[in-house]
Amino acid sequence: MVNNLFSAMRQSIVDGAPDTALALAQQALAAGLAPLEAINSGYVPGMHEVGEQFARAQMFLPDLMASAEAMRTAMAALEPEMKKSGSEREMAGIVVLGTTKGDIHEIGKSLVGTLLTAHGFCVHDLGVDVSGEKFAAKAGELNADIVGVSALLTTTMRNQRGVIESLEKAGLRSQVKVMVGGAPVTRSWAQEIGADGYAKDAMTAVALARELMHDKARATQNLSPEPA
Ligand code: B12
């Protein structure tokens with residue numbers, strides 16, 4: 001039964017059908033299905049299918065845009081439910097999030113932001129096509145704990161390194177942890193550019209953000225003077 005729902009969700013993305021995607025999201029919520037499960041098992045496989053068809057030239061840019069619209073519509077319906085659990089908790093940390101310069105892919109980045117919010121992080125989402133300077137300025141202004149940088153294109157991945165350089169230039173690198181992600185990004189790329197961590201999906205990003213907060217707290221404790 002639930003598998004039929006997932007497969008209808010997947011198809012609504014492939015068809016680029018926002019109304020159907022929305023109706024299915026509402027159906028899932030009414031049935032008590034966890035929103036993240038609907039996203040991960042229903043809609044995201046549809047996005048992968050679309051990406052593959054686009055790569056094989058079986059789909060074109062307008063199709064990709066229609067699919068993205070369907071995905072955004074479904075996520076807008078599921079997001080409030082996902083965010084609910086975060087509102088009553090203690091603040092877990094401040095995160096500045098965005099998609100790197102030259103890149104307008106926002107769906108995965110926004111999902112990461114939603115889940116971080118749901119787990120108590122205070123997320124400032126700078127949106128898409130964000131320069132390194134903008135990341136650094138916002139991180140300084142908010143005294144951010146973590147900067148999260150998304151990139152979906154192999155050509156814009158290198159701008160993740162640029163964000164780290166901007167943080168260094170602004171004198172903020174030692175106090176801000178950097179996590180990177182996005183479909184073409186790998187752990188070894190994260191290491192190569194000197195990021196503090198990489199996560200393959202939104203749930204792993206939450207675990208990583210928590211780990212980075214622990215690292216920060218430990219580093220601060222080590223710096224504090226010994227008790228007399
Ligand atoms: C939707 C889509 C679009 C939409 C984006 C709409 C929007 N508002 O976001 C539109 C139509 C605008 C678009 C445009 C383009 N796209 Co496009 N797009 C996609 C597609 C199909 C899906 C992306 C998506 O939303 N996935 C679903 C989300 C949930 O997954 P995700 O983004 O990977 O995010 C998850 C993880 O990566 C991770 N994550 C993401 N960000 C972060 C950040 C942090 C800090 C962390 C820790 C984790 C993390 O967690 C997320 C949630 O689980 C992909 C195919 C694919 N399989 O990725 C192609 C794809 C990325 N696009 C591609 C291309 C080529 C383009 C264009 C250049 C096409 C063109 N000719 O103009 C333009 C680029 C425009 C630009 N300058 O950015 C290529 C990239 C190829 C490459 N190697 O670089 C892909 C791979 C398609 C393909 N197979 O060829 N695209």
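**Exercises on a predicted model**

The domain assignment divides the protein chain into domain 1 (2-84) and domain 2 (93-223). The model is predicted.

**Exercise 1.** Describe how domain 1 and domain 2 are placed and where they touch.

Solution. 
- Step 1. Taken over C-alpha atoms, the centres of domain 1 and domain 2 are 25 Å apart.
- Step 2. Contacts join eight residues of domain 1 to seven residues of domain 2.
- Step 3. On the domain 1 side, H4 gives the largest share, seven residues.
- Step 4. By class, that side of domain 1 has five nonpolar, no polar and three charged residues.

**Exercise 2.** Find which parts of the chain form the shell around the ligand.

Solution. 
- Step 1. The ligand has 37 residues around it, and Gly 51, Gly 108, Gly 148, Ser 150 and Gly 181 come nearest.
- Step 2. At least two shell residues come from each of helix H3 (35-55), helix H4 (61-84), helix H5 (107-118), strand E3 (146-150), strand E4 (177-181) and helix H9 (202-223).
- Step 3. H3 supplies the largest share, seven residues.
- Step 4. Domain 1 and domain 2 each give at least three residues to the shell.
- Step 5. Sorted by class, the shell holds 23 nonpolar, 10 polar and four charged residues.

**Exercise 3.** Asp 129 and Asn 143 have positive phi without being glycine. State where each is found and whether it is buried, partly exposed or exposed.

Solution. 
- Step 1. Asp 129, with phi of about 55 degrees, is in the loop between strand E2 (121-125) and H6.
- Step 2. Asp 129 has 17 other C-beta atoms within 10 Å, so it is partly exposed.
- Step 3. Asn 143, with phi near 55 degrees, is in the loop between H6 and E3.
- Step 4. Asn 143 has 10 other C-beta atoms within 10 Å, so it is exposed.

Technical notes:
Residues numbered from 1 in each chain as written. Predicted model: local features only at pLDDT ≥ 70, side-chain atom pairs only at ≥ 80, totals over all residues. Near = placed C-beta within 6 Å. Helix = DSSP H or I, 4+ residues; strand = E, 2+ residues; numbered from the N terminus. Nonpolar A, V, L, I, M, F, W, Y, C, P; charged D, E, K, R; others polar. Domains from an automatic or database assignment. Contact = placed C-beta atoms within 7 Å. Buried ≥ 20, exposed ≤ 12 C-beta atoms within 10 Å, placed from the backbone.
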